[in-house]
Structures are given as structure tokens and as C-alpha cells.
Amino acid sequence: AAYREKYMGLIESMFLESNPIPAKAALKEMGVIRSDELRLPLVSLSDSCRVDLRRVLKSYGLLSG
């Protein structure tokens, strides 16, 4: 339960938009993959959600800066 509570913000950020859009965007932001390109009908993470995702990743120490 403590683990779930600790990472709830990160978990919720993976559902800002349809799966796997936020997950691929997070992996790209962290430098794990080079592209977050998706096949249609999926599209890239929206700019507003990308800002939120970066904020969450930084808060968990997954992004520098």
C-alpha cells in the first residue's frame, strides 16, 4: 500500500491520455527510446499533457533539470 501511494502520481501520469501514448513519451523524455512515434489512429501526446508528464517525471527524479 505504501508503494502504491508513493508512486500514485507516476501511475496516474501514465493515463493522461490513451495507453501507450504517455508511456512512450515518458521513455523518450528519459532517453530510453529515441522516438515516441506511434501508428495511427494513435497520435503524439498533447503539449499540455507533455508539460504535466515532465513535471511528474522530474518530481520522481526520472528527469534532470
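In the predicted model, the side chain of Asp 36 forms a polar contact with the side chain of Arg 50, at a distance of 3.1 Å. Asp 36 is placed in the loop that runs between H2 and helix H3, the latter comprising residues 47–59. With a relative accessible area of 11%, Asp 36 is classed as buried, because this value falls under the 20% limit that applies to buried residues. When residues up to four places away in sequence are set aside, Asp 36 touches Lys 24, Ala 25 and Lys 28 as well as Arg 50.

The loop between H2 and H3 also holds Met 30, for which a relative accessible area of 31% was computed, so that Met 30 is described as partly exposed; the class in question lies between the limits of 20% and 50%. Met 30 contributes, together with Leu 27, Val 32 and Leu 62, to a nonpolar surface patch with an area of about 300 Å².

Within helix H2, which spans residues 21–29, attention may be drawn to Ala 23. The relative accessibility of Ala 23 is 25%, and this residue therefore counts as partly exposed. Ala 23 and Leu 42 stand 19 residues apart along the chain, and a distance of 13 Å separates their C-alpha atoms.

How values were computed. Residues are numbered from 1 along each chain as its sequence is written. This is a predicted model: local features need pLDDT of at least 70, side-chain atom pairs count only at pLDDT 80 or more; totals for chains, interfaces and linings use all residues. Side-chain values use heavy atoms; hydrogens and water are left out. Helices (H or I, at least four residues) and strands (E, at least two) are DSSP runs, numbered from the N terminus. Buried means under 20% relative accessible area, exposed over 50%, partly exposed in between (1.4 Å probe, protein chains only). A polar contact is a pair of N or O atoms within 3.5 Å; within protein, one must be able to donate a hydrogen and the other to accept it, and residues adjacent in sequence count only if both atoms are side-chain atoms. Contact means heavy atoms within 4.5 Å. Patches are made of residues with over 30% relative accessible area and no salt bridge: like charges are joined within 9 Å, nonpolar side chains (Val, Leu, Ile, Met, Phe, Trp, Tyr) within 5 Å. Accessible areas come from the Shrake-Rupley method with a 1.4 Å probe; for residues, only the protein chains shown count as cover. A salt bridge is a side-chain nitrogen of Lys or Arg within 4 Å of a carboxyl oxygen of Asp or Glu.
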